[in-house]
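Open your viewer and keep the selection tool at hand. This tour goes from one stop to the next.

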Amino acid sequence: MIHRVRLSGAGHFDDWRQAARSLILQGAEPRDIEWGCDYEYTDDLFAAPSAPPRAVTGTLSVPRAFLTLAERLLCHNNPARFSLAYRLLWRLQRERNLLAQVTDADMCQSHQLVKSVDRDCHKMKAFVRFKEMDGEGARRRFVAWFEPDHYIIRRTAPFFQRRFTDMDWIIATPKGSAAWDGQSLHFNDQPQTRPDIVDETDDLWRTYFANIFNPARLKVKMMQSEMPKKYWKNLPEADLIPQLIRDADKRVQEMNNQTLNQTPPRFHQRLNKARST
Amino acid sequence: MAKSLKDRLAILSDAAKYDASCASSGTTKRNSLKSGGLGSTEGSGICHAYAPDGRCISLLKILMTNFCIYDCAYCINRSSSNVARARFTPDEVVWLTLEFYRRNYIEGLFLSSGIIQNSDYTMEQMVRIAKDLRLKHGFRGYIHLKTIPEASAHLIEEAGLFADRLSINIELPTDAGVEKFAPQKHPANIRRSMGELKTKIDEAHEPTLKSRRRKRFVPAGQSTQMIIGADKASDATILNTSAGLYSGYRLRRVYYSAFSPIPDASQALPLIRPPLMREHRLYQADWLYRFYGFNIDEITASQPDGMLELDIDPKLSWALANRARFPVDINSADKELLLRVPGLGVKTVLSILKARKHKRLGLEDLARLKVSVKKVKAFISASGWAPVSLIDRADLREMFNPPPEQLALL
Ligand code: SF4
């Protein structure tokens with residue numbers, strides 16, 4: 001019997017977990033399940049709507065490490081994530097030490113996907129930029145636009161909650177949004193559009209970025225491997241980069257040439273006098 | 001005409017860029033969920049941007065002022081320099097830090113300063129900034145303060161209550177260098193401050209009898225910076241100074257900063273700037289000393305002038321000078337020896353030790369552990385692999401020489 005499971009949104013972990021549990025308890029083999037979600041819906045696959053998997057009662061225990069792995073795995077944008085996670089779960093019923101087999105093909109693939117999710121999360125924490133919105137309320141309000149590769153908003157939102165607790169904020173992305181109002185986090189799975197907001201403080205940040213850079217130490221490749229170009233369009237400082245690189249040589253030359261004008265400032269002369277008496 | 005905040009930010013960040021450190025890691029974990037305020041630290045720091053010099057921008061790294069009554073030859077802010085001057089009020093620094101933080105540009109503040117009026121006056125203002133951030137604004141992000149030379153011990157102690165990290169710059173690798181290039185600074189006093197700070201950190205680390213809790217005091221420890229290439233100190237001298245600092249004052253980090261051309265440079269300085277690669281090699285050697293069980297003497301022994309080789313890394317350099325110690329058998333060698341193999345890092349060595357409990361390892365297993373087999377294979381023996389004797393290979397060094405375009409870095 002073929003089971004078709006269509007998860008809502010991008011496929012939340014809890015929904016997958018519930019479906020997977022029932023399926024395992026029914027003894028449904030991995031090859032007999034077709035997984036999908038609203039986001040990656042394809043007509044032919046789900047032409048005939050299917051009944052959600054029957055809720056089956058019973059207990060199923062898995063190593064805790066599997067849960068943390070599967071939770072991250074399901075954030076990936078690879079449509080095969082649901083079946084891969086299910087296959088691991090299925091195999092775990094018989095191969096209890098599967099998770100320790102680092103050279104197993106399913107495990108290798110999982111680790112690869114998880115690594116990419118982790119990196120995406122890290123970059124989101126680094127490169128989200130909040131812009132302030134007008135408002136009269138007691139709390140200040142900010143909004144950010146970010147374009148993650150994977151479905152990581154729910155995963156990273158608690159970080160922003162822990163850090164930006166005293167302000168209201170929304171992080172909008174093409175894969176949904178997260179918002180904090182001082183009481184709770186709210187999620188929306190609908191694709192968002194880029195808000196059009198100007199924050200004057202960005203200008204001070206750009207000033208800082210341009211001046212903290214040392215033109216005598218140009219290492220463009222190093223910068224780009226850590227801050228790939230795909231992020232640049234949403235970073236207020238990034239459009240300064242080409243010019244900074246272009247002018248670096250010139251600025252170093254200028255610094256070297258400046259050495260010749262040599263009358264120390266007056267306060268230096270006063271200090272010297274004070275020191276010698 | 002008074003300079004705008006933006007103009008002063010330009011001057012005072014420009015003046016801070018010669019500082020190598022921007023780290024925001026290694027402090028206690030904390031967040032604002034309970035306080036309902038602003039800020040968190042989560043163990044490893046976050047780089048919020050990268051400048052085209054490849055360096056991580058994690059903190060708002062600025063000077064409170066670049067006016068200075070000292071005249072250190074290597075410094076752009078020395079009193080005899082004609083650089084444009086500016087000063088922030090403490091409130092302005094607090095405002096900038098909080099507003100930058102709210103927009104997620106930064107993890108926190110790294111504040112240093114030129115000396116105005118006197119050391120204590122300057123240090124007091126800096127402490128006030130940190131104190132206001134913490135107490136008035138409930139800020140729980142990262143704060144690094146660079147202490148002012150000759151500031152009183154009680155001010156440094158107060159700074160430690162609010163800062164995650166304090167640094168006291170050693171400036172140059174030798175006392176003679178400091179005396180020559182920083183005539184108003186006293187190496188003995190710098191070391192005394194470091195010693196006092198270490199004692200305070202150690203004390204705070206002892207849980208008190210009453211509360212059994214450790215006092216919060218500079219949780220990310222102390223660090224220092226040394227300028228490379230302004231004086232004639234060799235790499236061996238520099239590394240020995242570092243080793244003394246690590247063991248004597250338990251510093252978290254020694255930063256090396258290749259002396260950089262600065263506008264309006266003092267004529268007391270050498271005209272040739274040191275290659276950036278030299279700084280890189282020093283960091284690698286520092287790493288070998290701290291994490292790989294190397295002595296400083298071993299690292300520099302093969303170089304008669306005490307300078308690290310620029311074209312190959314110090315671990316490879318050591319291995320080539322000690323060929324008789326190889327090959328190392330990855331299936332039986334102990335950890336210390338494995339750590340000496342060029343191309344094997346600490347993580348890999350731990351994986352090898354784990355993996356070889358279950359099977360004899362061959363080159364293909366190393367490849368699976370993401371080791372560059374090409375690089376290590378001359379130095380190891382493994383199941384099904386024995387290298388041609390190293391001593392016989394006159395061309396071994398050439399095999400590792402980097403392609404010429406990388407040398408353009410110099
Ligand atoms: S005391 Fe510090 S800021 Fe002043 S000249 Fe010396 S190094 Fe520069």
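Predicted model: local features only at pLDDT ≥ 70, side-chain atom pairs only at ≥ 80, totals over all residues.

**Stop 1: chain B as a whole**

The C-alpha trace spans about 75 × 55 × 40 Å along its principal axes.

Now show the surface. The accessible surface of chain B is about 17400 Å². Carbon and sulfur atoms make up 54% of that area. Of the 410 residues, 58% count as buried.

Colour the charged side chains next. Chain B has 59 positive and 44 negative ones. The centres of the two sets lie 6 Å apart.

**Stop 2: a pair within chain A**

Over all chains, the count is 47 salt bridges. Select K123(A) and E226(A) for one of them; the closest N and O atoms are 3.5 Å apart. K123(A) sits in helix 4 and E226(A) in helix 7 of chain A, so the pair ties together parts that are 103 residues apart in sequence. Buried or exposed: which is K123(A)? It is buried, because its relative accessibility is 4%, under the 20% cut-off. E226(A) is partly exposed, at 29%.

**Stop 3: a pair between chains**

Select R163(A) and E107(B). Their side chains meet in a salt bridge, 2.6 Å from N to O. R163(A) is in helix 5 of chain A, while E107(B) is in the loop between helix 2 and strand 4 of chain B, so this pair joins two chains. R163(A) is buried, at 1% relative accessibility. E107(B) is buried too, at 3%.

**Stop 4: a pair within chain B**

Go to E157(B) and K200(B). Their closest N and O atoms are 4.0 Å apart, and they form a salt bridge. E157(B) lies in helix 4 and K200(B) in helix 6 of chain B, so the pair ties together parts that are 43 residues apart in sequence. E157(B) is partly exposed, at 32%. K200(B) is also partly exposed, at 27%.

**Stop 5: a network**

Last, select E132(A), R140(A), D199(A), E99(B) and R103(B) together. Salt bridges that share partners join these residues into one network.

Conventions:
Residues numbered from 1 in each chain as written. Chains lettered and ligands numbered in written order. Heavy atoms only, no water. Helix = DSSP H or I, 4+ residues; strand = E, 2+ residues; numbered from the N terminus. Buried < 20%, exposed > 50% of the residue type's maximum accessible area, 1.4 Å probe, protein only. Areas by Shrake-Rupley, 256 points an atom, 1.4 Å probe, with all protein chains shown as cover. Lys, Arg positive; Asp, Glu negative; His and termini not counted. Charge placed at Lys NZ, Arg CZ, Asp CG, Glu CD.
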